[in-house]
Structure formats: C-alpha cells, structure tokens
Amino acid sequence: MRSKNKDGAVKIIWTRHGEERQREWQKKLGITREEVERVVTNPAQVVPGDLDALVAQTKRGNGLLRVPFMET
C-alpha cells in the first residue's frame, strides 16, 4: 500500500505477501525491493487493477515491471 503525508511524501507499507513475492522475483530476475519502491513512487504509468487495486508499471529490459498497490 502507499499513502501520502500532508506534505505529499509517499509512504509504502509492505504486506507479507508482497515481501514474499518480491524475494521470489529477486531470486529469478534480480528485482530488488528498492526497484519495486521506485516503480510505486515514480511509475511511468498507473493502470486499474483487480478489486480496486491500481498497478504501477514501467519498462524493465524487454518487459514491463508491474507493481499492484492500493492508496490509503
């Protein structure tokens, strides 16, 4: 999840599931926690996802790094 402070700064709250998935992708493709947070805080594009979630996305190599999130 991400939320914005009064000054507009973004705060990221990781879920257990999100942390587990990020570790899996780090082993497979080298996607770091910092890279995921960078996509959420500064995405190339945000698109609607499932169940009121949003998806931050940006190009990565020959693919697309997609990070689901919810705003609070």
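Q: Which side chains does a polar contact of 2.9 Å join?

A: A polar contact is a pair of N or O atoms within 3.5 Å; within protein, one must be able to donate a hydrogen and the other to accept it, and residues adjacent in sequence count only if both atoms are side-chain atoms. Here the side chains of Gln57 and Gln45 are joined in this way. Keep in mind that this is a predicted model: local features need pLDDT of at least 70, side-chain atom pairs count only at pLDDT 80 or more, and totals for chains, interfaces and linings use all residues. Residues are numbered from 1 along each chain as its sequence is written, and side-chain values use heavy atoms, with hydrogens and water left out.

Q: Where does Gln57 sit in the secondary structure?

A: Helices (H or I, at least four residues) and strands (E, at least two) are DSSP runs, numbered from the N terminus. Gln57 belongs to strand 4, residues 54-60. Directly across from Gln57 in strand 4 stands Gln45.

Q: Is Gln57 buried or exposed?

A: Buried means under 20% relative accessible area, exposed means over 50%, and partly exposed lies in between (1.4 Å probe, protein chains only). Gln57 has a relative accessible area of 7%, so Gln57 is buried.

Q: Which residues does Gln57 touch, not counting residues up to four places away in sequence?

A: Contact means heavy atoms within 4.5 Å. On that count Gln57 touches Val39, Pro43, Ala44, Gln45, Val47, Leu64, Leu65 and Arg66. One of these, Val39, is also among the buried residues of helix 2 (residues 33-41), with Glu35, Val36 and Val40. The four cover an arc of only 140° around the axis, and therefore lie on the same side of helix 2. That arc is taken from the directions from the helix axis to the C-beta atoms.

Q: In what order do the three strands of the open sheet run?

A: Strands of a sheet pair through backbone hydrogen bonds, either parallel or antiparallel. Two strands pair if DSSP finds at least two bridges between them. In this model the order is 3-4-5, with antiparallel pairing. Strand 3 (45-48) and strand 5 (63-69) are the edge strands, each pairing on one side only. Direction ignored, neighbouring strands of this sheet are turned by 30° against each other on average. The axes are lines fitted to C-alpha atoms, for helices over the stretch in contact, and angles run from 0 to 180 degrees between N-to-C directions.

Q: How many bridges join strand 4 to strand 5?

A: Seven bridges join these antiparallel strands. Look at the facing residues. Thr58 stands opposite Leu65 of strand 5. Ala56 faces Val67, and Leu54 has Phe69 as its bridge partner. Strand 3 and strand 4, also antiparallel, are joined by four bridges.

Q: Which residue takes a positive phi in the hairpin of strand 3 and strand 4?

A: Leu51 does, near 50°, and this hairpin has five residues between the strands. The hairpin of strand 4 and strand 5 has two residues between the strands, and there Gly61 takes a positive phi near 60°.

Q: How far apart are Ile13 and Phe69 in space, C-alpha to C-alpha?

A: They are 9.6 Å apart, although 56 residues separate them in sequence. Ile13 lies in the loop between strand 2 (10-12) and helix 1 (16-29). With a relative accessible area of 41%, Ile13 is partly exposed.

Q: What pattern does the protein chain follow along the sequence?

A: The pattern reads β-β-α-α-β-β-β. Of the 72 residues of the chain, 24% count as buried.
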